[in-house]
Amino acid sequence: MATVASAPTIDPKVSAFVARKQKMLINGKWVDAASGKTFATYNPATGEVLAQVAEGDREDINRAVRAARAAFESGPWSKMPPAVRGKLIWKLADLIEKHLEEFAQLESLDNGKPLGIARIADVPLTVEHMRYYAGWATKIEGNTIPLILAPPNKFLAYTVREPVGVVGQIIPWNFPLLMAAWKLGPSLAAGCTSVLKPAEQTPLTALRLGELIQEAGFPDGVVNIVPGFGETAGAALAAHPDVDKVAFTGSTEVGRLIVQAAAGNLKKVSLELGGKSPNVIFADADIESAIPGAASAIFFNHGQCCCAGSRLYVEKPIFDKVVDGVSHSAEQIKVKPGFEPDSDMGPLVSQEQLNRVCGYLESGLKEGAKAVTGGKRHGDKGYFVKPTVLVNTNETMKVVREEIFGPVVTAIPFSDPSEIVGKANDTTYGLAAGVWSRDIKKAHTVAAKLRAGTVWINCYNVFDPAMPFGGYKESGWGREMGHEVLEHYTEVKSICSAL
């Protein structure tokens with residue numbers, strides 16, 4: 001635990017939490033793995049062991065699913081009025097807000113992100129997300145339907161929305177707490193019960209959240225949290241025959257495995273997957289806002305964002321100016337451990353991710369790309385990479401076609417605005433895109449043609465609980481956030497009665 005002890009600003013409660021062996025939450029109790037096994041998590045800033053966590057596998061998933069099923073079918077959760085459910089979710093949001101600093105520190109230690117970013121983004125957004133869905137608990141409605149083939153007043157036909165049941169939720173490591181909220185908020189509002197598996201790299205905030213779920217007063221078994229590896233716990237959850245729906249955020253490659261595993265009982269599946277998002281800057285854009293916007297689009301959260309603007313298309317008259325500006329922004333980024341007060345960018349999450357990103361950099365440079373800035377690892381301790389701007393790239397290169405998931409942007413000039421939509425859409429992904437132009441007609445015309453679930457115009461990375469988020473093509477199925485996500489956690493029942 002030397003890593004934690006060396007952090008001078010760490011909260012004693014956080015230090016104590018990290019130092020103890022972490023268990024899993026099943027049916028309202030904190031228990032060891034059935035196998036007794038644990039696994040280590042690592043501080044990305046140092047590479048040293050951070051915590052020891054119970055390693056869940058198939059038997060632990062079985063126990064958690066049984067608890068969730070009982071809570072859904074016969075427990076107090078199934079009899080609870082929506083208004084009470086909503087108040088519990090709101091109380092949980094209040095508790096998260098009360099412990100904001102604690103969660104921010106855990107997130108920085110576990111994921112590597114700057115503590116300041118976790119304080120102003122990850123945790124506050126989590127709080128507001130939970131409050132948004134607390135309000136939805138009382139607003140899930142059906143419809144009355146006038147039948148078109150029956151005489152008036154012969155039948156009463158209507159629909160109701162009912163909770164889908166037991167939900168398996170598999171959370172990524174890039175925004176561990178916020179992504180847990182994205183899954184739990186609508187699930188709890190709809191009246192479902194959950195088995196949540198946090199990423200093995202970043203389980204700590206999910207486990208602390210489990211303690212607050214108990215403190216808020218949720219009945220036993222409504223939320224169960226089973227840390228473990230994707231190949232064991234995650235696979236068992238996705239394939240479990242008594243799980244009614246699985247929600248997954250992560251890579252497209254793993255998303256395909258989730259779909260295959262879910263086929264056994266044809267459970268519902270929602271997927272928020274990878275991206276290779278185009279960010280298009282026209283010559284008539286407001287350059288003073290487009291340059292920092294393009295830099296933020298790729299460098300926010302170390303580039304570990306599925307919607308990162310990693311393909312930067314710039315109209316030729318302003319290409320050099322934009323590349324210089326984005327490169328200058330990259331060079332001003334202070335790459336330091338997340339607990340350093342002036343840290344702008346922390347380490348990548350793991351040695352595996354460091355190897356992945358550095359492998360892409362080597363590939364791009366070998367194929368002829370030029371690094372205007374960055375292009376290599378930062379330092380020799382921890383998992384740090386220099387923010388990188390690549391030019392002299394083309395559409396055949398891996399750095400242009402494949403998701404890197406790191407602070408690496410390929411800048412590509414274009415001269416014919418009529419061809420840019422085809423270039424932007426030339427990807428297997430379709431999660432997000434950006435358009436920068438003072439010509440609002442042109443901006444909206446281009447946005448309408450882009451095959452992406454979210455298109456930002458003259459901005460980037462704007463998220464709101466009320467705005468749905470998800471992808472076209474291989475970027476996923478379904479939507480997170482907004483009222484659309486509730487469709488994934490509810491079943492529609494039609495009822496028709498003779499009068």
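G471 touches G430, L431, G453, G476, G478 and R479, leaving out residues up to four places away in sequence; contact here means heavy atoms within 4.5 Å. The model is predicted: local features need pLDDT of at least 70, side-chain atom pairs count only at pLDDT 80 or more, and totals for chains, interfaces and linings use all residues. Residues are numbered from 1 along each chain as its sequence is written, and side-chain values use heavy atoms, with hydrogens and water left out.

**G471**
- G471 lies in the loop between β17 (454-457) and β18 (476-477); helices (H or I, at least four residues) and strands (E, at least two) are DSSP runs, numbered from the N terminus.
- With 6% relative accessibility, G471 counts as buried, where buried means under 20% relative accessible area, exposed over 50% and partly exposed in between (1.4 Å probe, protein chains only).
- G453 is 18 residues from G471 along the chain, and their C-alpha atoms are separated by 4.5 Å.

**S437**
- The loop between β16 (432-436) and α17 (440-449) holds S437.
- S437 is buried, at a relative accessible area of 2%.
- Neighbours within four places in sequence aside, S437 is in contact with F282, D284, A285, K442, A443 and N458.
- The side chains of S437 and D284 make a polar contact (2.9 Å). A polar contact is a pair of N or O atoms within 3.5 Å; within protein, one must be able to donate a hydrogen and the other to accept it, and residues adjacent in sequence count only if both atoms are side-chain atoms.

**D122**
- D122 is placed in helix α7 (residues 115-136) and counts as buried at 2% relative accessibility.
- Not counting residues up to four places away in sequence, D122 touches E107, K113, I117, F175 and L178.
- Between the side chains of D122 and K113 there is a polar contact (2.5 Å).

**Aromatic rings and charges**
- The count comes to ten aromatic pairs, where rings of Phe, Tyr and Trp (its six-membered ring) pair if their centres lie within 6.5 Å; planes under 30 degrees apart count as stacked, over 60 as edge-to-face and the rest as tilted.
- The ring centres of F39 and F229 are 5.0 Å apart and the planes stand at 55 degrees, so this pair is tilted.
- F39 belongs to strand β3 (residues 38-42) and F229 to the loop between β8 (223-225) and α10 (230-239), so the pair ties together parts that are 190 residues apart in sequence.
- F39 is buried, at 6% relative accessible area, whereas F229 is partly exposed at 27%.
- W182, W456, Y460, F463 and F469 are linked into a cluster by ring pairs.
- The charged end of R85 sits over the ring of W77, 6.0 Å from its centre; the rule asks for NZ of Lys or CZ of Arg within 6 Å of the ring centre and within 35 degrees of the ring normal.
- K245 lies over the face of Y489, 5.1 Å from the ring centre.

**Whole chain**
- The protein chain has 17 helices and 19 strands.
- Of the 499 residues in the protein chain, 57% are buried.
- Among contacts in the protein chain with a separation of 6 or more, 73% are between residues 24 or more positions apart.
- The C-alpha trace spans about 70 × 65 × 40 Å along its principal axes.
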